Amino acid sequence: MKFNDYPIDSLMYITSRPDIVFTRGEGSWLYDNNGKRYLDFIQGWAVNCLGHCNPGMIQALETQARKLINPSPAFYNEPMTRLANLLTANSCFQKVFFANSGAEANEGAIKLARKWGRKFKNGAYEIITFDHSFHGRTIATMSASGKPGWDTLYAPQVPGFPKADLNDIASVEALINDKTVAVMLEPIQGEGGVIPATAEFMKQLRELTRKHNLLLIVDEVQTGCGRAGSLFAYQLSGIEPDIMTLGKGIGGGVPLAALLAREEIAVFEAGDQGGTYNGNPLMTAVGLSVIEQLIAPGFLEGVRARGEYLKAGLLKISADYGMNGERGEGLLRALLMNHDKGNQIVERARELQPDGVLLNAARPNLIRFMPALNVTNAEIDLALGALRTVLDSLA
Ligand code: PMP
């Protein structure tokens, strides 16, 4: 089939999008409308944690679709209760609210913190966030984000999100005042360039927030659900936050997100938060299948092992090409380059024949890797081999 069989002119999308229409996916592979195959190391921005068209997810979707697709959001449903129980049983949180996107879950976290501040902290509302953080594309989550340029793009911003420097506890402390209600961060900044908060910083943040009676909110939309090699990335540092948001991986590709909170923090009352599709059984049934597969014996150990394998391959490339090493956790990693040709590399890798490779340059000087969590070592070898081919072609 030719590209013209899928006219794209009526889509309101950014113009830099390449003229590719995907028609099919399986595991780590995507197929376009010309039949070309791509090894997918982006996986919908870390969304498809079990790869494309995972059989367990399909089964859950099919079975649920025959039972119940959407009752009124004013009532509970079976998969939403089961998934909430599974999430609380495997985390330090007792309450779950389901949303449809990471940004919406973060909106919920911001609202919950502000409500808590109104109730227990004299109306305190400021949430300290971090430079280069990414929390979504709604107006409030853009205001919370530390992405350069976003402070003016849709000005005026929502007030109340002062920015500190990641891994610098003094910069956080300096921003605390009687209006402060919470600190919010990604355990690993994803869009900012795969920059981990150190375990020591996470501990310092927990101590500081306890000392000042502030909430600690972790945005695990990108790092959660196995991506960092543990079910949730906060668990790597041994601390317990007050609020966590999930997105992307929890739905494995379907629009599902969640807001989790400790019991005492969960102060929403009827009418405070909600939406037509929140907790939709079709999505929560898929989420249930995803989380059950992630916590199956051996799966997360496998993610860590494959993460180490990817890390070793990246370090070898770094050594061979005189680059600056790599960083990340589990299967969220970045190769740190000694030049700014990231976007060119992404393009050339996609254009390789016969198979393309989908990579991402979160910043021009690094390549980000977020393959399916069940990627094979052979597929990692293929992707790294392709990267070497592209790097050679640039020389
Ligand atoms: N938080 C983080 C850490 C993210 O990486 C993203 C998406 N890149 C979001 C929030 C927003 O999620 P969504 O696109 O589902 O709104």
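**Close-up 1. Helix α9 is mostly covered in this predicted model.** Of its 14 residues, 12 are buried. The buried set runs through Pro 281, Leu 282, Met 283, Thr 284, Ala 285, Val 286, Gly 287, Leu 288, Ser 289, Val 290 and Ile 291, and also includes Leu 294. From first C-alpha to last, α9 reaches 20 Å. That is close to the 20 Å expected at 1.5 Å a residue.

**Close-up 2. The largest nonpolar core holds 108 residues.** Ala 113, Val 183, Leu 215, Ile 217, Ile 243 and Ala 258 touch the most other members. Helix α9 (residues 281–294) gives the largest share, 8 residues. Both domain 1 (3–54 + 302–394) and domain 2 (55–294) contribute at least three residues each.

**Close-up 3. Ala 113 sits among the core members that touch the most others.** Its contacts include Leu 215, Ile 217 and Ile 243. Ala 113 also touches Ile 127, Val 181 and Ala 182. Residues up to four places away in sequence are not counted.

**Close-up 4. An open sheet is built from 7 strands.** The order is β4-β12-β11-β10-β7-β5-β6, with mixed pairing. Strands β4 and β6 (163–164) lie at the edges, and each pairs on one side only. Within the sheet, β5 (residues 126–130) and β7 (residues 180–185) run parallel, joined by 3 bridges. Ile 127 has Ala 182 of β7 as its bridge partner. Both Ile 127 and Ala 182 are also touched by Ala 113.

**Close-up 5. The "binding site" positions come from an unreviewed UniProt entry.** The record lists Gly 102, Ala 103, Phe 134, Asp 219, Glu 220, Val 221, Gln 222 and Thr 276. They span 175 residues in sequence, and their farthest two C-alpha atoms are 25.5 Å apart, so they do not all gather at one spot.

**Close-up 6. Val 221, one of the UniProt positions, is buried.** Val 221 lies in the loop between β10 (215–219) and β11 (243–246). Around Val 221, 30 other C-beta atoms fall within 10 Å. Leaving aside neighbours within four places in sequence, Val 221 contacts Gly 102, Ala 105, Thr 245, Leu 246, Gly 247 and Lys 248. Gly 102 is itself among the UniProt positions.

**Close-up 7. Thr 276, also listed by UniProt, is exposed.** Thr 276 lies in the loop between β12 (257–261) and α9. Thr 276 has 9 other C-beta atoms within 10 Å.

Key: Residues numbered from 1 in each chain as written. Predicted model: local features only at pLDDT ≥ 70, side-chain atom pairs only at ≥ 80, totals over all residues. Core = buried A, V, L, I, M, F, W, Y, C linked by C-beta atoms within 7 Å. Buried ≥ 20, exposed ≤ 12 C-beta atoms within 10 Å, placed from the backbone. Helix = DSSP H or I, 4+ residues; strand = E, 2+ residues; numbered from the N terminus. Domains from an automatic or database assignment. Contact = placed C-beta atoms within 7 Å. UniProt positions renumbered as here; feature names shortened; annotations may be inferred. Expected span 1.5 Å × (residues − 1). Pairing = 2+ DSSP bridges.
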